[in-house]
Amino acid sequence: MSGESSDSWQAMETPYDVLAARAEETWEETLAGLPVGARVTAVVIGRQPFGAFLSFGGFPQALGLARVSRMPRGRELPRVGSTVECRVYWHDARNHQVVVELREWVTDW
């Protein structure tokens, strides 16, 4: 698509359907390795109006999501390629996504 910014979903190196299939295949390992409350480092691999998609070091098949609904007012999503610290908030079993809160979004780190 012409005019796409580098932060768009289309700018990702790996298409979403491929990432989603990998995440589904390794979902049980992801649940065991990234439990709710775990603090992890991730890289932003895509952005959408609803949040930032993440890749986790040590869990390359897992797919993370930092939802804007968890983002404090006046903040922005991190840029694609940024490394972020985050805490696992929830497991979205339907989409096989690890939902996180970014460290910069919470006060009780």
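Which residues does T30 touch, not counting residues up to four places away in sequence? A62 and V98.

First, the ground rules. This is a predicted model. The mean pLDDT of the protein chain is 89. Of its residues, 90% reach 70 or more.

Now the layout. The protein chain has two helices and five strands. Reading from the N terminus, the order is α-α-β-β-β-β-β. There are 109 residues in the protein chain, and 41% of them count as buried. Take the contacts with a separation of 6 or more: 59% of them come from residues 24 or more positions apart.

Let's go to helix α1, residues 16-25. Three residues are buried there: L19, A20 and A23. Down the axis of α1, the buried residues fall within an arc of 100°, so they line one face of the helix. Turn to the other side of α1 and you find D17 and E25, both exposed.

T30 is in helix α2. Its relative accessibility is 4%, so T30 counts as buried. Its contacts, again, are A62 and V98, leaving out residues up to four places away in sequence.

Next, the aromatics. How many aromatic pairs does the structure hold? Two. One is Y16 with F53, and the geometry is edge-to-face. The centres are 6.0 Å apart, with 65° between the planes. Y16 lies in helix α1 and F53 in strand β2, residues 51-56, so this pair ties together parts that are 37 residues apart in sequence. Then there is F50 with F53. Their ring centres are 5.7 Å apart and their planes are at 90°, so this pair is edge-to-face. Put together, ring pairs link Y16, F50 and F53 into a cluster.

How is that cluster placed relative to solvent? F53 has 4% relative accessibility, so it counts as buried. Y16 is partly exposed, at a relative accessible area of 27%. F50 is partly exposed too, at 43%.

Two arginines also deserve a look. R39 lies over the face of W109, at 4.7 Å from the ring centre. R70 lies over the face of Y89, at 3.7 Å from the ring centre.

On to strand β1, and to T41. T41 is partly exposed, with a relative accessible area of 44%. What does T41 contact, leaving aside its neighbours within four places in sequence? The list is F56, G57, T83, V84 and E85. Take G57 from that list: T41 and G57 are 16 residues apart along the chain, and their C-alpha atoms are separated by 6.6 Å.

A93 is partly exposed, with a relative accessible area of 47%. Along the sequence, A93 and W27 are 66 residues apart. In space, C-alpha to C-alpha, A93 and W27 are 8.2 Å apart.

The other residue is H96, in the loop between β4 and β5 as well. H96 is buried, with a relative accessible area of 16%. Look at its backbone, though. H96 has a positive phi of about 55°, and it is not a glycine. For context, most residues other than glycine have a negative phi.

To recap. Helix α1 has L19, A20 and A23 buried, with D17 and E25 exposed on the other side. Y16, F50 and F53 form a cluster through ring pairs. H96 carries a positive phi in the loop between β4 and β5.

Note on methods
Residues are numbered from 1 along each chain as its sequence is written. This is a predicted model: local features need pLDDT of at least 70, side-chain atom pairs count only at pLDDT 80 or more; totals for chains, interfaces and linings use all residues. Side-chain values use heavy atoms; hydrogens and water are left out. Buried means under 20% relative accessible area, exposed over 50%, partly exposed in between (1.4 Å probe, protein chains only). Helices (H or I, at least four residues) and strands (E, at least two) are DSSP runs, numbered from the N terminus. The arc is that of the directions from the helix axis to the C-beta atoms. Contact means heavy atoms within 4.5 Å. pLDDT is the predictor's confidence in each residue, from 0 to 100. Rings of Phe, Tyr and Trp (its six-membered ring) pair if their centres lie within 6.5 Å; planes under 30 degrees apart count as stacked, over 60 as edge-to-face and the rest as tilted. A charge sits over a ring if NZ of Lys or CZ of Arg is within 6 Å of the ring centre and within 35 degrees of the ring normal.
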